Amino acid sequence: MRYNERELLSLARQPAEKAAEIRMSVPKKGSVLKKRLVKLVVNFLFYFRTDEAEPIGALLLEHCRVTKEEENVFSISFIEEPERKYCFECATEEQCQEWVEALRRASYEFLRRSLIFYRNEIQKMTGKDPLEQYGISEEARFQLGAHRQ
Amino acid sequence: MKLNERSVAHYATCDSPADHAGFLRKRVERHHHHGTSYQRRWFVLKGNLLFYFEERESREPVGLVVLEGCTVELCEAAEEFAFAIRFDDAGARAYVLVADGQAAMEAWVKALSRASFDYMRLVVRELEKQLEEACKSLAACRKSPRRSSSSSRKRHLSNPALLPLQEKPTTLENGYSTWGSGGCVASGAACTDPDGGQTKPPPLPPRRRSAASSATGCPVPGLSPGLLESPVSPETICFSKLHNWYGQEIAVLRREWQERQKRGHP
C-alpha cells in the first residue's frame, strides 16, 4: 500500500500531544525492550531511536486496544491481530496510566464518538443542535449510530 | 519508516463508517510530463485518512493519503471538476483528483477540508464547553423560570476563537477560495492544541483529569467532579449513565457489524 511517507515524516516533527523516552518492544520473535523516544501526534504514535531525527516507525492508532499490563507496563495491539502486542515499559506507574489514558483518547474514532455524545447531551438539555451553527449537522460522520456507504 | 500497514489496511476496509466515499479520477504523476493521464479509483475518507482502492470491492487499498496539514484547492487543470490536495512542504507532490460532477466535487472538497484532527478536536472541545454551560444553565434555571440556553449560546458565539463555518464562501465566481483543512474554523487564534490544553486566548478549557476518568476511555471524564455531583439530578452526567449510553451505541454497532459479517459483507 502506497502512502505519502513524506507527510507522515513531517507529522512526526510536529509538536506532540505527549512524548517520552520509554522502553518498547515490537511484536516480533525475539524482540527485546529497547529505549525509544515515543511521540504521540494526532492519531499516530511515532517511535525513534533516541538519538535520531527520523522515526523508525509509526503506528496508526485506530481500532487498537491499549491494555494495562503488569506494573509500569502497557501494550498496544490491533483488533484484527490481538496477540501481536507492542509493549511499553514506563519509568513509573503514573506515567504508565497517563499514556494509557492518552492513547485511548487518541483515535479519530474516539473523537467522533465524543462529538456525537456531546451533541446528543446538549440537544437533550437545550433542545438545540449545537452543530447547526457550524453547518455540519448533516454530515454523515456525526449521526448517532450511523453507518454510511 | 515502518508503518503498521496491515492494521491500517484493515481499518480502511472494516465496517466502521466512512466519512465520505466515491469514485474519483486520480492524476498519474509521470516524470517526463508526457501528457497527463488519470486512473479511476474508489476513494474512502475516514477521519484524516484518505484511502483509494482499485475497485469498489477491492479487499485492500492501493494507497493512502495522510491528510493532516493539507490544503484542498480547486484546480486550474484542463479537467473540469478537478481539485488538488496539497501540502506545505515545498517539493511535496500534490494529488490531483477529478470528480464526476459539480456536486460530487463540492462534497469532496468540503469533506476533505474538514478532515484534519485539529478541526475535530476544536469542535469537540467547543461542545464540551457548551455542555458544561448547559449544565450550569440548567442548574440556574431551576431557580428562575427563564430558559437560559439562548444566553449561553450568545456567550459562545462571541468567542472570537471560533467562528461558525460558512457553508459557502461569499465569492463564487470561479468556485471556492482555498479551504484550509483546519483553517476555516479558527480565526487567527492559535487553534492547534497538541500539547494538551495550553492554547492562546480566548482559551479553550484545558484537558482536565477527574477522578471519574476511566479505563474505558469514556468521553466526558473531562467534566469537573463538581459537575458530576450537580444537584440537577435527572440531567446529571453521572458516570453510570454515561457508561450505559456509550455501551448502548457499542452494542448496536457490534450487532450490526456481526450481522454484516454473517452476510458475507466484504
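**Figure 1. His10(B), a residue of helix H1 in chain B.** His10(B) sits in helix H1, which covers residues 5–13 of chain B; helices here are DSSP runs of H or I with at least four residues, strands are E runs of at least two, and both are numbered from the N terminus. The model is predicted, so local features need pLDDT of at least 70 and side-chain atom pairs count only at pLDDT 80 or more, while totals for chains, interfaces and linings use all residues, and side-chain values use heavy atoms, with hydrogens and water left out. Residues are numbered from 1 along each chain as its sequence is written, and chains are lettered from A and ligands numbered from 1 in the order in which they are written. With a relative accessible area of 26%, His10(B) is partly exposed (buried is under 20%, exposed is over 50%, partly exposed is in between, with a 1.4 Å probe and protein chains only). Setting aside residues up to four places away in sequence, His10(B) touches Ile79(A) and Glu80(A) (a contact means heavy atoms within 4.5 Å). Within chain B, the C-alpha atoms of His10(B) and Arg59(B) are 8.9 Å apart, although 49 residues separate the two in sequence.

**Figure 2. Trp99(A), in helix H2 of chain A.** Look for Trp99(A) in helix H2, residues 93–104 of chain A. Trp99(A) has a relative accessible area of 2%, so this residue is buried. Beyond its neighbours within four places in sequence, Trp99(A) makes contact with Lys18(A), Ala19(A), Ala20(A), Ile22(A), Val38(A), Leu40(A), Leu45(A) and Phe74(A). Val66(A) is 33 residues away from Trp99(A) in sequence, with 9.4 Å between their C-alpha atoms.

Figure 3. Two packed helices are described by the angle between their axes and the distance between the axes. The crossing of H3(A) and H3(B) is left-handed, meaning that the near helix is turned anticlockwise from the far one by less than a right angle (clockwise would be right-handed). Residues making this contact on the H3(A) side include Tyr108(A), Leu111(A), Leu115(A), Tyr118(A), Ile122(A) and Met125(A). On the H3(B) side, Phe117(B), Met120(B), Val124(B), Leu127(B), Leu131(B) and Leu138(B) are among them. The contact of H3(A) with H3(B) has 15 nonpolar, three polar and five charged residues (Ala, Val, Leu, Ile, Met, Phe, Trp, Tyr, Cys and Pro count as nonpolar, Asp, Glu, Lys and Arg as charged, the others, Gly among them, as polar).

Figure 4. His63(A) is in the loop between strands S5 (57–60) and S6 (64–68) of chain A. Its phi is near 55 degrees, a positive value in a residue other than glycine. At 16% relative accessibility, His63(A) counts as buried. Over in chain B, Phe81(B) belongs to the loop between strands S6 (70–74) and S7 (82–87). Phe81(B) isn't a glycine either, and its phi is positive, near 65 degrees. Phe81(B) counts as partly exposed, at 22% relative accessibility.

Figure 5. Glu106(B) is part of helix H2, residues 102–113 of chain B. A relative accessible area of 23% makes Glu106(B) partly exposed. Phe81(B), shown in the previous figure, is 25 residues from Glu106(B) along the chain, and their C-alpha atoms are separated by 8.6 Å. Asp88(B) is in the loop between S7 and strand S8 (95–98) of chain B. At 77% relative accessibility, Asp88(B) counts as exposed. Between the C-alpha atoms of Asp88(B) and Gly69(B) there are 7.4 Å, with the two residues 19 apart in sequence.

**Figure 6. The two chains as a whole.** Chain A has three helices and eight strands, in the order β-α-β-β-β-β-β-β-β-α-α along the sequence. Of its 149 residues, 60% are buried. Chain B has six helices and nine strands, and 49% of its 266 residues count as buried.
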